[in-house]
Number of protein chains: 2
Amino acid sequence: MMKGGPSQEEIRRHNLGTLLRFVHLRGPASRATLAESLGLNRSTIMALTTDLTTAGLVREELPRGPGRRAGRPSLVVRPESTRVYVLAFEIGVDRLVVARVGLGGVVLDRREGVRSRDADAADLLGVLVAGARSLIRKAERDAVCVGAAVGFPGVVRRSDDTIMIGPNIDVGDLRIGDALARRLGLGIPVSVCNDANLGALAEHERGAGVNCDDLIYLHGDVGVGGGIIARGRLLGGDEGYAGEIGHMIVNPGGRPCACGSKGCLEAEVGERTLLALAGREEVPGRPGRDAVRDVVASADAGDIAAREALQRVGTWLGFGVANLVNIFNPGLVVFGGTLRDIYLGAAAQVRSVLATGALAAPRDKVKLRTAALGDDTTLVGAAEFAFAEVLADPVQVLARLKAPEDSPV
Amino acid sequence: MMKGGPSQEEIRRHNLGTLLRFVHLRGPASRATLAESLGLNRSTIMALTTDLTTAGLVREELPRGPGRRAGRPSLVVRPESTRVYVLAFEIGVDRLVVARVGLGGVVLDRREGVRSRDADAADLLGVLVAGARSLIRKAERDAVCVGAAVGFPGVVRRSDDTIMIGPNIDVGDLRIGDALARRLGLGIPVSVCNDANLGALAEHERGAGVNCDDLIYLHGDVGVGGGIIARGRLLGGDEGYAGEIGHMIVNPGGRPCACGSKGCLEAEVGERTLLALAGREEVPGRPGRDAVRDVVASADAGDIAAREALQRVGTWLGFGVANLVNIFNPGLVVFGGTLRDIYLGAAAQVRSVLATGALAAPRDKVKLRTAALGDDTTLVGAAEFAFAEVLADPVQVLARLKAPEDSPV
DNA sequence: TGTGATTGTTACCGCACGCAACAAATTGGG
DNA sequence: CCCAATTTGTTGCGTGCGGTAACAATCACA
């Protein structure tokens, strides 16, 4: 049923993780604040911060400037942002990004490049590896990489990080996580995760949903993806495929979708459909994002075709959101990627459909927002995903990384 | 952020709860089995069982008959099924049920009655209270009631158990949980929960989904409801409304639904629609369940209209399931209530639509099953819901119940 | 009847956290 | 400039929980 090991070690692990996560997500905090927030004793907080300091994960400093209250000033615990970092990769349909993200969520350095839609897997890997190496080279001498993750626009199996479908990027049978890990040679695994799932994670932890434990993130690119945060955690489902909201059938018998079905949300509100409805041609080599923005701008400027296209797309988006609201009762729905622009251009229509299509009770309190992290949702999500292991067991993970010669596993 | 209290007590609570839950769900088990399954030491298991025995929650006995292996026979820990029980209420559209369910999940005693569809809230409460009192009277002298819960076919807010909508049962502004608790006078709160949510819980813990931590339960009655189990826990959403799958719009612009929208799953596959499509009239006073069974039987016997009605309903059900599979990636979808009969009569159609409407990856391993608990899903779920508190903190809850005069809270 | 195997029982140990007392650092007032 | 009040760092000690090990109890089998 379950194996827990000695439970006292688990308490310690849990408390170390909670403390580290606190300063990672909410920034530097005084020991007093930590004791208050975590509900732990002063002495316990000291023991924990001492451990983390020894491990090199946090630093304790005297607060600068004059304290506002009387009494001995409390030591400020801050994450070692420059010494502890992860590699975050984003594989987009139109771009490739690699970033070095420090503990605390600071993007220390990044490399970004466009990607032509017919480039193959080998090109892709080469660019990512070269970018990562260059980032690592520029890092400080004593910096430690504690994780790495890739955001990918496709269906990814959780058990072995295998890409099952990559509708807009062909990677064949390649396990890009393993391939990247091998070629980087850092001795750390590279996770692969669906881009919209990562977006949900990012918006939940650092974006529009920091105060909401039940939210849905909808991401538009060439396709439409989604991620669900339930009870504060990303929903994976039985094999990690959960969140493929883009293939919810909102219009049975509607427009054909790349997945083989008809009337999927993706088929009705995707970039290509919007352009077609607005009477525009897809320009090869031009990022879809710009084209979508252009349609929204034209609609604002009075273009009838663009306006009708947006309204039509907004209607189907509204049906999709209504269904999600009924099924999940989220506190928040976040629109990212091209859906951000589409929502901004069709909010009234979306809300109108939602008003008739969703039950009053779950509809009453749900908020609709655009992604607060802009175009970095996937990247930030990948970084958070990569940090997950360290946050779950800070000391052990760091001990393993610092003595790679000794213990084989 | 969080308050945990002394962490060691939490460990104890957790282990006591885990042990009690084990024998509650999987039946009597030897100490040796428990030690193995929970990953705890013999001595720890002894300490835990001693606590639970003292509290009167379990009993330890020498195993009957000859043991099969050599060595000293291990004491068997079994739940005190007759001494510790909960009250489970089911408010159905056509029936009312009260049951006394013992720890371990045994239905010790029950009272069931039909309910006319125009009965009001006062009648309803009267019947339930009378039934419960009669059950309590017949119980043993030293039996302890440790919880109570009601399954209700409507939208229920979690924070205060208020019924927001009861489409087929009018209870006005009445908070039936509080009302029941007051009239029973047992000093224990009575929870109220959506019936299909409870069905999901029941099928997960004692039905078709015991080995599946990500499943969806679909329940058909007059309306259609649902419940989602994700990572082994019931999904509630922001306010507890999650699971209103019956109001997912599968057919935009389709049949009008009681909720005001059109083309909801409930409107397309509900009892009334099936009867209408099959050319049958609703007979006042006749339980819908029988009418649905009759249609399925007729279809099997060759009735063309019934067959076409089933096929049509099966198509929409298939679209609904396909969407759920794409969004959640469940390992299992369970059909209960009238949907059990409908699925049995239209399985081929449902699977056919699922095959084209869901992505290959999540579709590949999902299983479709009928409810293993038959018509008792809601009742069993209510019992499990009522047991939740004792299982979370066995000793404290029992201590509170045994000394109600002393501590005010 | 004796032997090996398995488990119940008990005393003891390590560990994590809370508590309380004391030292240190700061603010503010006389 | 000094002192009281306040807040926090630091340290030693106590409590409680689970693990370990040794011994006693009970079974199957030869």
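Student: Which residues come nearest to DNA strand C?

Tutor: Good place to start! In this predicted model, 29 residues lie around DNA strand C, and Asn41(A), Arg31(B), Ala32(B), Gly71(B) and Arg72(B) come nearest. The elements giving two or more residues to this surface are helix H1 (7-26) and H3 of chain A, together with helix H2 (31-38) and H3 of chain B.

Student: Which element gives the largest share of the surface near DNA strand C?

Tutor: That is H1(A), with five residues. Sorted by class, the surface near DNA strand C has 11 nonpolar, 11 polar and seven charged residues.

Student: And which residues come nearest to DNA strand D?

Tutor: Of the 29 residues around DNA strand D, the nearest are Arg31(A), Ala32(A), Gly71(A), Arg72(A) and Asn41(B). Two or more residues each come from helix H2 (31-38) and helix H3 (42-55) of chain A, and from helix H1 (7-26) and helix H3 (42-55) of chain B. For DNA strand D the largest share, five residues, is that of H1(B).

Student: Now the two protein chains. How is the size of an interface described?

Tutor: The size of an interface is often given as the accessible area lost when the parts come together. Here we can count residues instead: 45 residues of chain B are in contact with 45 residues of chain A. On the chain B side, H10(B) supplies the largest share, six residues. By class, that side has 24 nonpolar, 15 polar and six charged residues.

Student: What about the largest nonpolar core: how many residues does it have?

Tutor: It has 237 residues, and those with the most contacts inside it are Val86(A), Ala88(A), Val86(B) and Ala88(B). Take Val86(B): setting aside neighbours within four places in sequence, its contacts include Val101(B), Cys145(B), Ala383(B) and Phe387(B).

Student: How do I read a phi angle?

Tutor: Asp161(B) has a positive value, near 55°. Asp161(B) sits in the loop between strand S8 (155-157) and S9 of chain B. Arg231(B) also has a positive phi, near 55°, and its place is the loop between strand S12 (224-230) and strand S13 (233-234) of chain B.

Student: Is Asp161(B) buried or exposed?

Tutor: Count the other C-beta atoms within 10 Å: Asp161(B) has 20, so it is buried, since the cut-off is 20 or more.

Student: And where does Arg231(B) fall, by its C-beta neighbours?

Tutor: Arg231(B) has 13 C-beta neighbours inside 10 Å, so it counts as partly exposed.

Conventions: Residues numbered from 1 in each chain as written. Chains lettered and ligands numbered in written order. Predicted model: local features only at pLDDT ≥ 70, side-chain atom pairs only at ≥ 80, totals over all residues. Near = placed C-beta within 6 Å. Helix = DSSP H or I, 4+ residues; strand = E, 2+ residues; numbered from the N terminus. Core = buried A, V, L, I, M, F, W, Y, C linked by C-beta atoms within 7 Å. Buried ≥ 20, exposed ≤ 12 C-beta atoms within 10 Å, placed from the backbone. Contact = placed C-beta atoms within 7 Å. Nonpolar A, V, L, I, M, F, W, Y, C, P; charged D, E, K, R; others polar.
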